[in-house]
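Hello,

Here is the structure I promised to pass on to you. Please have a look at it first, and then read my notes below.

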Amino acid sequence: MTYFKAIMTKKHLSLPLSIAALSLMGAVSCNSSDKAGNTTVSESFTVDSVRVADSIVIDGSKAACYFNVAYPSGHGALSDSVRCWIANQLAYIYASDKGAGAAVFSGLKGNVPAMVRLTVDSLLSASGREIEEGMVGFGGYEYNCSLLEEHSAPGYVTFGCTYYYYGGGAHGVSRYEPATFSVADGRRLTWDNTIGKDSRKAVLALIRQELFKPHDGYSLADDLLIDPDSLDLPAAPPAFVEGGLQVIYGQYEIAPYAAGMPGCILPVDSVLPLLTPEAKALLGRKQQ
């Protein structure tokens, strides 16, 4: 049985943009004036969603996909940037072939529901071929993707992509990647534009302090695959979430499978002096 449903207008936000951002935007929905009388522009940021659940059964072996993807349906720099990031996440998943997914999606012009459907079809097709070739392990195949808006504030919007794959064996593999986007111009946070080079040692010290806090007599520092002193910034980008700056490491990046995806949230007040002016602007804080 195939279940394919788009749930429209999950959330509607009117996000303020400066006039300087107009050169990076397409059409905008409305104009308004701030208290000082300056003209400001708002992008209509409407978040819709698409859910797809589909499966195949061949010779008693099953492959199943469960996707829940939220995406902006409006126009403007922010919406375009978020849709581009979503396309990259789906391309990464697409039949385990990032290059093929990117090529296929390039002609869809940001049509996220079509991208999701094609991703599911590619996974089921690839799984079907492997089942027919006798490559399936015990338990069949499962692909589970949740790509949702996780947090928003006047200056930024944060999305997160959680992906789980099981192809037989003792356990599956999980991946998580967040993304924080500037409301003003759609730019996405990276470690390079969030933390200055001169501040990285101080940020890593904060991460070690939060990440290795003992809980019930156990500390992650006692169960690492690396030397605690050699801890570096994670492969996943930083993200602003409720409470501060989120830091998250992938499975096996610094710790064994049993540790999952270790992470912490650096409180805003502790990390604020170490942020770049660009990152501070997203929080509405001035350079100190």
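Two strands pair if DSSP finds at least two bridges between them. The helices (H or I, at least four residues) and strands (E, at least two) are DSSP runs, numbered from the N terminus. With that in hand, S6 and S7 pair in the antiparallel sense over 10 bridges.

Before more details, a word on the source: this is a predicted model, in which local features need pLDDT of at least 70, side-chain atom pairs count only at pLDDT 80 or more, and totals for chains, interfaces and linings use all residues. Residues are numbered from 1 along each chain as its sequence is written, and side-chain values use heavy atoms, with hydrogens and water left out.

The pLDDT is the predictor's confidence in each residue, from 0 to 100. Its average over the chain is 83, and 82% of the residues score at least 70. Strand S2 (residues 30-33) has the lowest mean among the elements, 28, while strand S8 (residues 239-241) has the highest, 98. Over residues 1-42 the pLDDT is below 50, although this stretch has 88 contacts in the model beyond near neighbours in sequence; a contact means heavy atoms within 4.5 Å. Where pLDDT is low, the predicted coordinates should not be read in detail.

The overall picture

The chain holds 7 helices and 10 strands. Of its 288 residues, 45% count as buried (buried means under 20% relative accessible area, exposed over 50%, partly exposed in between, with a 1.4 Å probe and protein chains only). Among contacts with a separation of 6 or more, 60% are between residues 24 or more positions apart.

The strands around S6

S6 (156-166) is mostly covered, with 8 of its 11 residues buried. On one side of the pairing story, 11 bridges join S5 to S6, and these two run antiparallel. A hairpin through 2 residues connects S5 to S6, and Leu 148 has Gly 160 in S6 as its bridge partner. S6 and S7 also form a hairpin, with 6 residues between them, and Gly 168 in the turn has a positive phi of about 95°. Thr 162 stands opposite Tyr 176 in S7.

The cores

Which residues touch the most other members of the largest nonpolar core? They are Phe 67, Val 69, Trp 85, Ile 86, Val 116 and Phe 159, in a core of 39 residues. Such a core is a set of buried Ala, Val, Leu, Ile, Met, Phe, Trp, Tyr and Cys residues joined through side-chain atoms within 4.5 Å. Helix H1 gives the most to this core, 8 residues. Phe 159 touches, among others beyond four places in sequence, Phe 45, Trp 85, Leu 148 and Phe 181. A second, separate core has 28 residues, including Leu 204, Phe 212, Val 247 and Ala 279.

Two residues to look up

Leaving aside neighbours within four places in sequence, Val 120 is in contact with Val 52, Asp 54, Cys 65 and Phe 67.

Ser 219 sits in the loop between helix H5 (200-211) and S8. With a relative accessible area of 10%, Ser 219 is buried too. A polar atom of the Ser 219 side chain lies 2.9 Å from the backbone oxygen of Phe 212.

Happy exploring!

Definitions and conventions
Polar contact = N/O pair within 3.5 Å; in protein donor to acceptor, adjacent residues only side chain to side chain.
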